[in-house]
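Subject: Structure handover

Hello,

Here is the structure I promised to pass on. Please open it alongside this note.

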Amino acid sequence: MKRPIIGITCNFDYKDDVGMVSCMGITGQQWHFVADNYVDSVERAGGVPVLIPICANMETVWRMVEGMDGILISGGHDVNPQEYGERANGKCGRLMPRRDRQDIALARHVLNETMKPILAICRGIQIMNVAAGGTLYQDLESEGFEHHFTDMYPLNEPTHTVEVKEDSILRGIFGKERVRVNSFHHQAVKRLAEGFVVDAVSEDGVTEGIEPADGRFALGIQWHPEMMYDSEEQLKLFRALVEACRE
């Protein structure tokens, strides 16, 4: 059986912290990196994980994407509010504009041109929504929502419930209305991009999942299924991505 190639977007950091803390680098280096959970989840689901670094020329990225069957847009830093027409407020965390520009361009390229399957996780759902013309809440608590960055729990511990909408791709994957998930974000979809529908929401009304209205496989989810490494239920998302790539 074919093992599809899944491109995983990398984090990027221009500061020395990554190399210095890990004792690998010297002052002045920049870093491309991604958590092992993404790689492991794709491989366990039957895919071949390949990392997509931040490149100086987008033509390099397009050439990589040509050889891939699907894309996983990974989590990371907050998305630059300037990408959706706002000024960053004091609640934003560190921003990586170079990564933002590439990820948004990549999402648009895949959504509008290659039509390859996408699974967009945490920051990924935000990137996909912005790429398609939507906006974000810069900080949920400031907007009256509950605290969603629950890092007081272990990474694989479900901390709240999402309601999965009927007749959605996501509902077909999980096969039930409510799913327990983890939560490590403080930003989220605000104005939904045209052409998308919300397929999952949290108890306090935060958008936790989006997908195209036309039924294509381009799923954005706000939680971190890759961190729930011991959950067969969450592995279904990666298996669905792999199966969509096979098709």
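Start with helix α5. Its buried residues are Arg123, Gly124, Ile125, Gln126, Ile127, Met128, Asn129, Val130 and Ala131. That is nine of the nine residues in α5, which spans 123–131. Just after α5 comes Gly133, with a positive phi of about 110 degrees. Please bear in mind that this is a predicted model.

Next, the cores. The largest nonpolar core holds 30 residues. Leu72, Ile121, Leu170, Trp223, Leu237 and Phe238 have the most contacts inside it. Several elements supply at least two residues each, among them β1 (5–9), α2 (36–44), β6 (118–121) and α7 (232–246). The top contributor is α7, with eight residues. A second core is separate and has 28 residues, including Met68, Val110, Val130 and Ile210.

Phe238 deserves a look. Beyond its neighbours within four places in sequence, Phe238 is in contact with Ser41, Val42, Ala45, Leu72, Leu119, Ile121, Pro225 and Glu226.

Then the helix pair. How do α2 and α7 pack, by angle and by distance between axes? The angle is about 65 degrees, and the axes lie 8 Å apart. The crossing of α2 past α7 is right-handed. On the α2 side, Ser41, Val42 and Arg44 take part; they meet Leu235, Phe238 and Val242 of α7. By type, the residues of this contact are four nonpolar, one polar and one charged.

Best wishes

Definitions and conventions
Residues are numbered from 1 along each chain as its sequence is written. This is a predicted model: local features need pLDDT of at least 70, side-chain atom pairs count only at pLDDT 80 or more; totals for chains, interfaces and linings use all residues. Side-chain values use heavy atoms; hydrogens and water are left out. A nonpolar core is a set of buried Ala, Val, Leu, Ile, Met, Phe, Trp, Tyr and Cys residues joined through side-chain atoms within 4.5 Å. Buried means under 20% relative accessible area, exposed over 50%, partly exposed in between (1.4 Å probe, protein chains only). Helices (H or I, at least four residues) and strands (E, at least two) are DSSP runs, numbered from the N terminus. Contact means heavy atoms within 4.5 Å. Axes are lines fitted to C-alpha atoms, for helices over the stretch in contact, and angles run from 0 to 180 degrees between N-to-C directions. A crossing is left-handed if the near helix is turned anticlockwise from the far one by less than a right angle, and right-handed if clockwise. Ala, Val, Leu, Ile, Met, Phe, Trp, Tyr, Cys and Pro count as nonpolar, Asp, Glu, Lys and Arg as charged, and the others, Gly among them, as polar.
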